[in-house]
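Good morning, and thank you for coming.

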Amino acid sequence: MGKVLLGRYIPGSSLVHRMDSRSKLILSFFFIVIIFLANNWESYLLLFIVTITSILTARVNFSFFIKGVRPLIWLILFTVLLQIFFSSGGTVFWKWGPFTLSYYGIVNGIYVFCRFVLIIFMSTLLTLTTAPLEIADALEKLMMPLKRIKVPVYEISLMLSIALRFVPTLMDETTKIMNAQRSRGVNFGEGNIMQQIKAVVPLLVPLFVSSFNRAEDLATAMEARGYHGGEGRTKYRVHYWEIRDTLGCTFFVVVFIILLFIRQW
Amino acid sequence: MVMGIIFKTVNYTYQPSTPFEQKALKNISVEIPTGSYTAVIGHTGSGKSTFLQHLNGLLRPSSGEIVIGKQIITPETKNKELGELRKHVGIVFQFPEAQLFEETVLKDIAFAPKNFGKNEEEATAIARQMARQVGLKEELLLKSPFELSGGQMRRVAIAGILAMEPEILVLDEPTAGLDPKGRLEMMEMFKELKEKQNLTVILVTHQMDDVANYADNVIVLENGRLIANGSPKKIFAQPKWLIEHHLALPKAGEFAVNFEKKTGYKFETLPLTESDLASQIVKMVHGGVQNG
């Protein structure tokens with residue numbers, strides 16, 4: 001294990017780290033939405049500058065972002081190729097059956113690639129600089145208005161926190177059981193498909209058993225300490241909206257306005 | 001087959017060149033003689049578990065070299081070359097009952113021998129024999145392992161490792177969480193097994209009594225470094241050094257040290273086991289009677 005980057009938090013004290021998780025979450029969503037407004041070179045350049053600036057402010061090693069792109073590279077390439085070969089318009093360079101290679105196709109392909117990279121970079125920045133539990137907290141706070149329409153916000157956020165909390169635990173458990181079964185002669189990731197499927201059984205059964213046991217223990221422990229639903233509970237982690245959050249939001253609104261001016265209508 | 005274990009300046013680093021980099025083993029050079037009963041002691045986080053996972057190639061050293069029998073493990077060794085080694089080194093992990101998954105106890109015990117090339121019949125025969133060895137009753141063999149009590153599950157898991165018929169048996173706190181009777185039975189069983197089959201046993205433990213009672217060789221780890229290696233007598237000879245490194249004496253030794261302080265008597269050698277303590281006190285009392 002240890003290669004999974006998604007949701008891997010790197011502690012730090014940069015401006016981005018210290019921002020309120022709510023503002024970071026809102027801004028990430030906001031940025032992902034406005035990426036879809038960009039439709040020419042200038043607008044993509046602007047968004048790249050914004051992303052690079054944010055990454056530099058967070059003072060996180062750039063290699064983490066490259067690693068964030070790598071697991072999705074096939075999906076990206078597939079989408080890009082689809083764009084290149086199936087969208088038409090402008091000068092046609094090459095044609096074969098349903099495939100056309102046109103000027104617009106190539107441009108669209110490059111745009112789609114940029115869009116993917118920008119989205120991945122920004123969401124990686126969010127997860128690298130914000131602890132998973134803080135993201136869960138922020139989600140709970142932001143979902144609060146939904147309580148009016150009877151959405152079980154507390155329960156959703158509790159489920160989310162517990163799930164996040166147990167990701168590392170389950171990963172440890174997986175490593176342990178894999179080690180034990182390897183010592184008993186199981187070869188994971190070797191042989192033909194049937195052998196590989198068979199190798200998963202000695203891993204999955206113990207994992208299920210221990211997860212169920214753990215869930216029961218957790219429920220007992222929570223009840224023993226008086227948990228009775230989220231109503232009226234105070235929070236251990238309190239959010240403070242500071243100047244830097246207002247500044248961050250202003251910065252992105254300004255970017256949004258500039259984007260509206262330079263995009264092609 | 002002679003299976004000596006030699007570590008040559010072995011280093012191991014978890015997640016190298018990331019912010020989470022952690023050096024778990026630092027320049028470990030040690031030899032574990034064939035047929036010895038070696039105890040590995042040290043605090044949580046001293047590198048015991050990492051050390052242990054090097055013994056059958058679950059981890060490969062980041063630098064350095066490990067020789068186990070004919071197999072040489074270097075950082076470049078391929079996973080495929082390690083299958084043979086795993087046949088000869090059985091590891092009983094901490095809380096090994098977590099590894100049970102088969103429908104019946106018998107099948108679970110037979111799992112490893114089948115993986116290592118035994119046919120159904122041979123594997124089942126070995127499984128029955130090992131179940132008897134660890135003290136599992138015949139009527140439990142066709143039950144699901146998940147219906148058993150914690151102590152019985154532990155026995156099934158241990159039988160599952162013994163069924164590999166390893167030459168080197170590695171035990172990571174095999175008695176943690178057992179009651180005193182179960183603990184004693186289990187330790188005695190390992191001792192008997194070692195003598196009968198001339199195994200090399202490596203025991204990771206926090207129980208200094210087990211070290212004194214069973215081991216003939218001790219490895220002490222601290223922060224990933226080897227800080228002492230020798231017989232239990234040698235390791236427990238300096239109570240001061242032990243205190244400095246936050247290690248304890250076996251109960252008999254502790255009693256003897258307090259006894260010396262309170263009474264002024266001196267033991268010839270510091271007794272480490274209960275029987276040694278008792279015989280020395282008997283000698284002392286008889287000596288005292290003669291002098292008086």
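Let us begin with one pair: the side chains of R184(A) and D108(B) meet in a salt bridge, 3.1 Å from N to O. The term requires a side-chain nitrogen of Lys or Arg within 4 Å of a carboxyl oxygen of Asp or Glu. Between chain B and chain A the count is one salt bridge.

A word on the source: this is a predicted model, in which local features need pLDDT of at least 70 and side-chain atom pairs pLDDT 80 or more, while totals for chains, interfaces and linings use all residues. Residues are numbered from 1 along each chain as written, chains are lettered from A in the order written, and side-chain values use heavy atoms, without hydrogens and water.

Now the wider interface. In contact (heavy atoms within 4.5 Å) are 24 residues of chain B and 20 residues of chain A. The buried area, meaning accessible area lost on being put together, with a 1.4 Å probe and summed over both parts, is about 1800 Å², and carbon and sulfur atoms give 63% of this. On the side of chain B, F20(B), Q99(B) and F101(B) lose the most area to chain A, together 27% of what that side buries.

Finally, the rings. F255(B), F259(B), Y265(B) and F267(B) form one aromatic cluster; rings of Phe, Tyr and Trp (its six-membered ring) pair if their centres lie within 6.5 Å, and planes under 30 degrees apart count as stacked, over 60 as edge-to-face and the rest as tilted. Over all chains there are 17 aromatic pairs. Among them, F259(B) and Y265(B) are stacked, at 6.3 Å centre to centre and 15° between the planes.

Conventions
Buried area = accessible area lost by both parts, 1.4 Å probe.
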